[in-house]
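The report below is meant for someone who is meeting this structure for the first time. Please look over the sequence and the model before reading on.

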Amino acid sequence: MGRRTTRVYRPKVGRLITDPKTDITYLFQKVIGTSGLDYVYKAVYFSRDKHTNGYVTVKYLRKGNPDIGTSFTATGKISTRNIINIESWFIRRFEDNGYLVGIPYMSEGSLRYILSSNFYYGLPEDCIAIALKEALIGLLDIHNSGRIHKYFNAGNIFVNKSKVDAEIEIKLAFGAAGYDSDPQFKVNKEVDAGDSSVPPLTNISAWAAAPEVYYTYEDSESDDIENDYSVKSDIWLVGITALELAYGNIRICDREDFDDMINKIRKSKKLPNRLEDLFEEITYPIEEEGEEEKNDGKMKKVVGFFKDKLKLGKEKEDDNLVEENNDKKGKIKKVMGYFKEKVGKKKEEEKRLFSKEFEKVVLDCLAKNPRKRPNVERLLRQPFFEKAKDKNWFQRSVLHAKNPKPITSDSDSDD
C-alpha cells in the first residue's frame, strides 16, 4: 500500500467560493502568506446583492489543529479591540474535516514581515514601544479572559492601514488566526524552509520558550505540556519579541547558545548594540569594563599629576608670583578639562543604543524566576510604555519611511 501524502491547500488566484449559509461569495485576489505548506489569501467578499463589502484573509485549518478549538471557544468572549480572532468568519467545512475560515484582513502584514522587508537591523525604539503596547493590550484581554496565548512573537503582531480614514491598527493574532505573513509572496516559488543551521523564527515560540516550558517539554515523555504554560510564560515571550524587534532577527545555533545569550544580557544588565557581540570570544560586557577601567586609570594619573603641580605652586606662591601662578592654574585647569572631555566623549561613544527604560522591560520579562516577571498590567505601567507615542508616529516612521534608519533609536522619520 502506497504512502499517503498530505494534500496542500493552494487554489489558484481568481477562485470563487460561496458560503452556502450566508450566500456570501469570496474571490481569491492574491497569496499573502503561508500556514505550514498551505497558502493564505487576500480575498474580496460580496454580499447577496453582489456589492463589494470588503476584504478578508482566507486561511485553511487542518483537522487536528489544536488552535481551532481555542479560537472557536474564545469567540465572543474576548474583547477584539486589539486581537485578531476567527470570530464568525466560518466559510466552509471540507470532507477531510478541515475548515476554510476568514480572518480580518491586515494590509501591512506582520511586524516580522516589516522587519524582513525594510528594517533588517530592527525598528526604532520609539516604534517598538508603540507596537508592543498595542499587542500587550490585546494580550491583557486574553489573560483577563482566563486564557494563555502561547505564541506571542513578532510574526503574530499584524498592522493594518485603513484605506477609508488612513487609521493604523496594530493587533495580536490569537489561536488559529496567525500565519506567516508575506504580502509580496510569489505564487510560483517554493515555500522556503530557511537556513537549516539555525532555528526558524517562525517557530521561535517553541525554541525560545520560557525555561519552565522548554525544559519540561524536553524532559517529558509526553507531548502534553499545556499545564506548564502560564501568564508568566507569555511575558517571557514578550521579552523575546522585544529583542527580535530591536535587532531585526535572533540567529542562534541551539538552545545552549540561546541560554548563554540571555544569561550574558542578565549579567551585564544592558543590551549590546549587536547580539553578535555576545558571542565573541571576549564578551562585550567584560571588554567594556576593562576599557573603562583603563581609561579611568589614565585620567586619574593625569589629573593627579596636575593636582600635585597646583599644590607645589601654592607652596611657592608669594605676593610677586600671584599673577603668574594664576595664569599657570588657568592653563592647568584647561588641560585637565581637555582630558575629562576626551574621556567623557569616549564614554558617550560607547553609550548603549537602547534606553534604560527599554532595557528594564526586556530584563523584567526575561527574569529566570517566573514569579519575578511582571504581569501585563504592571508592564504597561512602566515608563517605556507610558511615554509611548501614538500610532500615527509608527505610520510615519515605519510604514512611510523612505530611507529607514533601523539602528537609530531616536532619529527623525522621513515624511
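## Helix packing in a predicted model

Helix 6 and helix 7 (residues 255–268) pack with their axes 13 Å apart and at an angle of about 90 degrees, where axes are lines fitted to C-alpha atoms, for helices over the stretch in contact, and angles run from 0 to 180 degrees between N-to-C directions. Helix 6 is therefore roughly perpendicular to helix 7, since angles under 35 degrees count as roughly parallel, over 145 as roughly antiparallel, 65 to 115 as roughly perpendicular and the rest as oblique. From helix 6, Trp 236, Ile 240 and Leu 243 meet Phe 258, Met 261, Ile 262, Ile 265 and Arg 266 of helix 7, a contact being heavy atoms within 4.5 Å. The residues of this contact divide into seven nonpolar, no polar and one charged; here Ala, Val, Leu, Ile, Met, Phe, Trp, Tyr, Cys and Pro count as nonpolar, Asp, Glu, Lys and Arg as charged, and the others, Gly among them, as polar.

This is a predicted model, in which local features need pLDDT of at least 70 and side-chain atom pairs count only at pLDDT 80 or more, while totals for chains, interfaces and linings use all residues. Residues are numbered from 1 along each chain as its sequence is written, and side-chain values use heavy atoms, with hydrogens and water left out.

The protein has 13 helices and eleven strands, which are DSSP runs numbered from the N terminus (helices H or I, at least four residues; strands E, at least two). Of its 415 residues, 47% are buried, where buried means under 20% relative accessible area, exposed over 50% and partly exposed in between (1.4 Å probe, protein chains only). Among contacts between residues at least 6 apart in sequence, 66% join residues at least 24 apart.

### Two partners of helix 3

| Helix pair | Axes | Angle |
|---|---|---|
| helix 3 and helix 6 | within 11 Å | roughly 165 degrees |
| helix 3 and helix 13 | 9 Å apart | about 130 degrees |

The angle in the table makes helix 3 roughly antiparallel to helix 6. Ile 128, Leu 132, Leu 136, Leu 139 and His 143 of helix 3 meet residues of helix 6 that include Val 231, Asp 234, Val 238 and Leu 245, and the residues of this contact divide into nine nonpolar, two polar and one charged.

Helix 3 and helix 13 (residues 391–399) are, by their angle, oblique to each other. On the helix 3 side, Asp 126, Cys 127, Ile 130, Ala 131 and Glu 134 meet Lys 391, Trp 393, Phe 394, Ser 397 and Val 398 in helix 13; by class, this contact has six nonpolar, one polar and three charged residues.

In helix 10 (residues 356–365), the buried residues are Phe 358, Glu 359, Val 361, Val 362, Asp 364 and Cys 365. Their cover includes helix 3 (125–144), helix 6 (231–247), helix 11 (376–380) and helix 12 (383–386).

Tyr 214 lies in helix 5 (residues 211–219) and is buried, with a relative accessible area of 18%. Leaving aside neighbours within four places in sequence, Tyr 214 is in contact with Ala 206, Trp 207, Ala 209 and Arg 255. Tyr 214 and Asp 228 are 14 residues apart in sequence, and 9.1 Å separates them in space, C-alpha to C-alpha.
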